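Colleague: I would like to learn how to read a structure feature by feature, from the whole chain down to single residues. Could we work through one together?

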Amino acid sequence: MRLSLALFIFLASLQVTLSKDVEHGLILVNGAQAKAEIGDNFICATIDWWPPELCNFGVCSWGHSSIVNLDLSHPLLAKAIQALKPLRIRLGGSLQDQVVYNVGNLKSPGHPFQKVKGGFLGFSEGSLHMQRWDELNHFFNKTGAIVMFGLNALSGRHKISNTSNVWEGAWDPTNAYDFIKYTVSKGYKIDAWEFGNELSGTGVGASVGVAQYGKDVINLKRILDELYKNSRFKPLLVAPDGSYDKEWYNKLLQLSGPGVINVLTHHLYNIGRANDTHLIERILDPDHLSEVETTFRNLSETIQKHGPWASAWVGESGGISRSGSRDVSNTFVNSFWYLDQLGMASTYNTKVYCRQSLIGGNYGLLNTSTLAPNPDYYSALLWYRLMGKKVLGVRSNISSPFLRTYSHCSKDSAGVTLLLINLSNQTEFILNVKNHVTVKANEVAKFREEYHLTPKDNNLRSQTMVLNGIPLKLTNKGDIPAMDPVQNNVKSPIYIDPLSIAFIVYPNFDAPACARHSKL
């Protein structure tokens, strides 16, 4: 196995220009105490409402990938979800605040979303029929998914004018009440109910004042308490699922009060719009990637000061807005952004990170047409398999900002796992890893496991991810391929090629924080 790693590194190095720089460095992992902790089901993905007619900048990328038209019988869909079991799935998105649930005493049978001039985000209201809701719940139960559903929070409200996106009036819960009541009566387990989409602050398409929103979320809490009063299972109440606005978020927690909002969510699209010509530059710019850290820090402070009973989740994040960018969001280069986001969010006690999307748009983890995994799916899968809940402190004497380092206790095993991201296009990093804690010789394994990720043919826009020199592709039976590590002597240096990503697993690393039952 040591020979195979050396051969892989040698062959990969042949593809790099002769002007490649080399920087040696030391990484120090502090396993004495965890600095943060993620949730049990940190990896999450979304399924949206967008119909095939949605096009952005001339690109129509949604096809049949929505909550109402996705082919639930496609074998690749079930296999992709089950490989991440239990995968948390958020059902919601921009049009959720225009959804009518076909249950109870509706005056009309409803219709699908249609393009309408002057409509909300260019579309009419759309319907969710209970037959489809039954099908979805049966599918999610079969695949072991954990479901969060986004409710329509604009029902009963009206715009203050045709030129404003501000909506006023109290929320009318009648249709939502009937829908949740039906769901409970059928025994469907919805882990979390989300109240509206992107209505906070200035909003996207619509905004609701925080005073009224606070009253309405209290009303939703009462409804959930009533409808689940005879159930041993109590769902989470999630809000507001919008862009973080410090003053708005602070007031929301103050107005709603203790124990009402269980999860405080925010959305992130920090790379740019789909038509931006500098997207790859931003993805590979460490300063740009670090800018969003302010949002994580401020949200953490908001919870600590005003709502310590709530957890922080990223409710939706696609990096590139307007459905993602073709030949960027669905290619290898996007994994630099995605994995860096997972690492950064973890350090601020983010419990769940929902990727926009599981399927649909250009930013889907799965190809919209074929449902084959895009590179980011494999990135999510490696994180899911290797990174445990506890986040460890990690320091480096590397002067370059292009090496991003994260460390967690390993998942379901002793030891620690490092995530190393090399954003440089010409610097190879040769690294030694040391333990902040005194190493006990009898606990140190002889070998570590390495997962090196590169793009096929060194093309950053490749839709094929390469693991340890082997292209990742589905088997002939449509199964997820084996994703095996290479082994190397634990005392030898780690080689991180330019524009590559690596997960490095140190079995039996002496980290008291990773011992069973240890706490923050």
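Modeller: Let us begin with the surface: the protein chain exposes about 21,600 Å², of which carbon and sulfur atoms supply 50%, the areas coming from the Shrake-Rupley method with a 1.4 Å probe, where for residues only the protein chains shown count as cover. This is a predicted model, in which local features need pLDDT of at least 70 and side-chain atom pairs count only at pLDDT 80 or more, while totals for chains, interfaces and linings use all residues. Residues are numbered from 1 along each chain as its sequence is written, and side-chain values use heavy atoms, with hydrogens and water left out.

Colleague: What share of the 520 residues is buried?

Modeller: Buried means under 20% relative accessible area, exposed over 50%, and partly exposed in between, with a 1.4 Å probe and protein chains only. In the protein chain, 58% of the 520 residues are buried.

Colleague: How does the radius of gyration of the protein chain stand against that of a compact globule?

Modeller: The radius is taken over C-alpha atoms, and the globule rule is 2.2 Å times the number of residues to the power 0.38. For 520 residues a compact globule would have a value near 24 Å, and the protein chain has 23 Å, which agrees. Along the principal axes, the C-alpha atoms fill a box of roughly 70 × 45 × 40 Å.

Colleague: And what do the contacts say about sequence separation?

Modeller: A contact means heavy atoms within 4.5 Å. Among contacts between residues at least 6 apart in sequence, 77% join residues at least 24 apart.

Colleague: How many helices and strands does the protein chain have?

Modeller: Helices (H or I, at least four residues) and strands (E, at least two) are DSSP runs, numbered from the N terminus. By that count the protein chain has 11 helices and 27 strands.

Colleague: Which strands does E18 pair with?

Modeller: Two strands pair if DSSP finds at least two bridges between them. Strand E18 (residues 387-396) runs antiparallel to strand E1 (residues 21-37), to which 7 bridges join it, and Val-29 stands opposite Val-394 there. E18 also pairs in the antiparallel sense with strand E19 (residues 403-410), over 3 bridges, Met-387 having Ser-410 as its bridge partner. E18 and E19 form a hairpin, with 6 residues between them.

Colleague: In what order do the strands of the open sheet with mixed pairing lie?

Modeller: The order is E8-E9-E11, with 3 strands in the sheet. Its edge strands, E8 (158-159) and E11 (207-208), each pair on one side only. E8 and strand E9 (residues 166-168) run antiparallel and are joined by 2 bridges, with His-158 bridged to Glu-168.

Colleague: Which residues of H2 are buried, and what do they pack against?

Modeller: As background, an α-helix has 3.6 residues a turn, so residues three or four places apart point the same way. In H2 the buried residues are Leu-76, Leu-77, Ala-78, Ala-80 and Ile-81, and they pack against strand E3 (88-91), helix H3 (130-143) and helix H11 (375-386).

Colleague: Is Gly-58 buried or exposed, and what of His-266?

Modeller: Gly-58, in the loop between strand E2 (43-47) and helix H2 (75-82), is exposed, with a relative accessible area of 71%. His-266 lies in strand E13 (residues 263-268) and is buried, at 1%; beyond residues up to four places away in sequence, His-266 touches several others, among them Tyr-244, Phe-296 and Trp-313.
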